[in-house]
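The sequence and structure are shown below.

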Amino acid sequence: MATWLMFSFQDSNSPYMDNLIMFHNLNMMIMMMIITLILFILMDLSMNKYCNRFLLKNHTIEIIWTIIPMFILMYICFPSLKILYYIDEIFNPYFTIKAISHQWYWSYEYPEFSNFSFDSYMISELKNLYDFRLLDVDNRLIVPMKLPMRLITTSTDVIHAWTIPSLGIKMDSIPGRINQSNLYSMRPGIFFGQCSEICGINHSFMPIMMESTSFYYFLKWINKNK
């Protein structure tokens, strides 16, 4: 989860987020190289004593500064498209989880498990010292780790967004429409998210809390609560 003075990404918990972080690092490396080159050229031009008042055009330089950015953009474009299609592809999910947004809470359904469903509200009063303010909920979304799942989402009122940064998921919940995404957790733990689309007065008070556990305990939880 995010902490104070945290300027980097959260620890990744899915292969999709791993790819997004690597793509971000690639872009930052290219950007720093470009900035360094431009600063070096500016310093060199401002500190040397050479001046050509009659230089009006230079086709060679113009070709170079047109072709090089084109190759840089192509170098960025291909991994970007690869990650985009990789995230959108659904790889034989074991089951489906449906997230339904309301003002201002979430409902979850497991269609393959006798349509088991429950509502998830933010805890308004902290009862324990280890609870997280504005992030803890009364009913967590429980998922098995290391199993590909399909997450579909819709809304009953206005546009919301189901988001967990450590999974690399930000998916709009739109009334009258169903969006889908991959859901995959690489390790056990509790992961937090929030609605990321301004949806009304209590937009800041509809958190998402997902617990990733083994498939055995997931089935045990399903059988106990359905």
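Ile-100 is found in strand E1; strands (E, at least two residues) and helices (H or I, at least four residues) are DSSP runs numbered from the N terminus. With a relative accessibility of 11%, Ile-100 counts as buried, where buried means under 20% relative accessible area, exposed over 50%, and partly exposed in between (1.4 Å probe, protein chains only). Leaving out residues up to four places away in sequence, Ile-100 touches Tyr-105, Trp-106, Ser-107, Glu-109, Thr-154 and Thr-156; contact means heavy atoms within 4.5 Å. Between Ile-100 and Trp-162 the C-alpha to C-alpha distance is 9.2 Å, at a sequence separation of 62 residues.

## Basis of the model

The model is predicted: local features need pLDDT of at least 70 and side-chain atom pairs count only at pLDDT 80 or more, while totals for chains, interfaces and linings use all residues. Residues are numbered from 1 along each chain as its sequence is written, and side-chain values use heavy atoms, with hydrogens and water left out.

## The loop between E1 and E2

Gln-103 lies in the loop between strand E1 (96–102) and strand E2 (105–110), and Trp-104 has its place in the loop between E1 and E2 as well. The peptide bond from Gln-103 to Trp-104 is cis, with omega near 5 degrees.

At 33% relative accessibility, Gln-103 is classed as partly exposed. Neighbours within four places in sequence aside, the contacts of Gln-103 are Asp-157, Val-158, His-160, Cys-199 and Gly-200. One of these, Cys-199, is 96 residues from Gln-103 in sequence and 7.4 Å from it in space, C-alpha to C-alpha.

Most residues other than glycine have a negative phi, and most peptide bonds are trans.

Ser-114 is exposed, with a relative accessible area of 61%. Asn-115, at 54% relative accessibility, counts as exposed.

## The nonpolar core

The largest nonpolar core has 29 residues, and those with the most contacts inside it are Ile-97, Tyr-110, Trp-162 and Leu-183. Such a core is a set of buried Ala, Val, Leu, Ile, Met, Phe, Trp, Tyr and Cys residues joined through side-chain atoms within 4.5 Å. Beyond four places in sequence, Ile-97 touches Glu-109, Tyr-110, Leu-141, Val-143, Met-149, Arg-150, Leu-151, Ile-152 and Leu-183.

## The whole chain

The protein chain has three helices and 10 strands, in the sequence order α-α-β-β-β-β-β-β-β-β-β-β-α. Its radius of gyration is 24 Å, well over the 17 Å that the globule rule gives for 226 residues, so the chain is more spread out than a compact globule. That radius is taken over C-alpha atoms, and the rule is 2.2 Å times the number of residues to the power 0.38. The C-alpha trace spans about 85 × 40 × 35 Å along its principal axes.

Buried residues make up 33% of the 226 residues. Among contacts between residues at least 6 apart in sequence, 65% join residues at least 24 apart.
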